[in-house]
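Colleague: I'm new to reading protein models, and I'd like to learn it on a real case. Could you walk me through this one?

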Amino acid sequence: MSKLVIHATSLSLLVGHVWRGVLIMGPSGSGKSDLALRALEKGCALVSDDYSLLWISGGRLYASAPESIAGRMEVRGLGIVAENARRLTRIDLAVLAQSDPIERMPEHETTTVLGQTIPTIRLNPREASSLSKLLTRLKVP
């Protein structure tokens, strides 16, 4: 089984009876952990902060935390904090964190990871509406 560690925060949200996962990707300082922290307050569960271990099982992409950072989150201004975390999640969405303006009516975008094509949206994590946009899109089957 091929595994890959990438610079991304992974979260999971219970939608109906199914956990739906998201990879938040972007460079250091782009706001990944800040967006994740706000998502935790709205019902998301942390899977991994800053780095995610990815693999394919049953034709689907999954994420978990590398063992060394499981259950921990770096919160700027507070340091490393313990956080309840899910052990793994199936990835249903990718978010590309960026500070550039987001297109008003973007084309459908995907990201390919380990040969799997994942629906993708772009968000500026520092915008007030970014969390609402993430949750809205994650709830779409």
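Colleague: Let's start with serine 33: is serine 33 buried or exposed?

Modeller: A quick word on the source: this is a predicted model, where local features need pLDDT of at least 70 and side-chain atom pairs count only at pLDDT 80 or more, while totals for chains, interfaces and linings use all residues. Residues are numbered from 1 along each chain as its sequence is written, and side-chain values use heavy atoms, with hydrogens and water left out. Now the idea: buried means under 20% relative accessible area, exposed means over 50%, and partly exposed is in between, using a 1.4 Å probe and protein chains only. Serine 33 has a relative accessible area of 18%, so serine 33 is buried.

Colleague: Where does serine 33 lie, and what is serine 33 in contact with?

Modeller: Helices and strands are DSSP runs numbered from the N terminus (helices are H or I with at least four residues, strands are E with at least two). Serine 33 sits in helix α1. Contact means heavy atoms within 4.5 Å. Setting aside neighbours within four places in sequence, serine 33 is in contact with Thr9, Asp49, Met73 and Glu74.

Colleague: What is a nonpolar core, and which residues of the largest one touch the most other members?

Modeller: In soluble globular proteins, nonpolar side chains tend to be buried together. A nonpolar core is a set of buried Ala, Val, Leu, Ile, Met, Phe, Trp, Tyr and Cys residues joined through side-chain atoms within 4.5 Å. The largest core in this model has 20 residues, and Leu11, Val22, Ile24, Leu93, Val95 and Leu134 touch the most other members. At least two residues of this core come from each of β2 (8-15), β3 (18-25), α1, β7 (72-75), β9 (88-97), β11 (116-123) and α2. There is also a second, separate core of 12 residues, including Ala8, Met25, Val113 and Ile118.

Colleague: What does isoleucine 24 touch?

Modeller: Leaving out residues up to four places away in sequence, isoleucine 24 touches Ala8, Thr9, Leu11, Lys32, Leu35, Val95 and Leu134.

Colleague: Strand β5 next: is serine 52 buried or exposed?

Modeller: Serine 52, in strand β5, is buried, with a relative accessible area of 0%. Among the residues serine 52 touches are Leu4, Val5, Leu23 and Pro66. Leucine 53 also lies in β5 and counts as buried at 18% relative accessibility. Its C-alpha atom is 12 Å from that of methionine 1, which is 52 residues apart along the chain.

Colleague: What is phi for aspartate 50, and where is aspartate 50 found?

Modeller: Most residues other than glycine have a negative phi. Phi of aspartate 50 is near 80 degrees, a positive value. Aspartate 50 is in the loop between β4 (45-48) and β5 (52-57), and is partly exposed at 22% relative accessibility.

Colleague: And what is phi for leucine 114?

Modeller: Near 50 degrees, again a positive value in a residue other than glycine. Leucine 114 is in the loop between β10 (109-113) and β11, and is partly exposed, with a relative accessible area of 31%. Leucine 114 touches residues including Ser2, Trp55 and Leu61.
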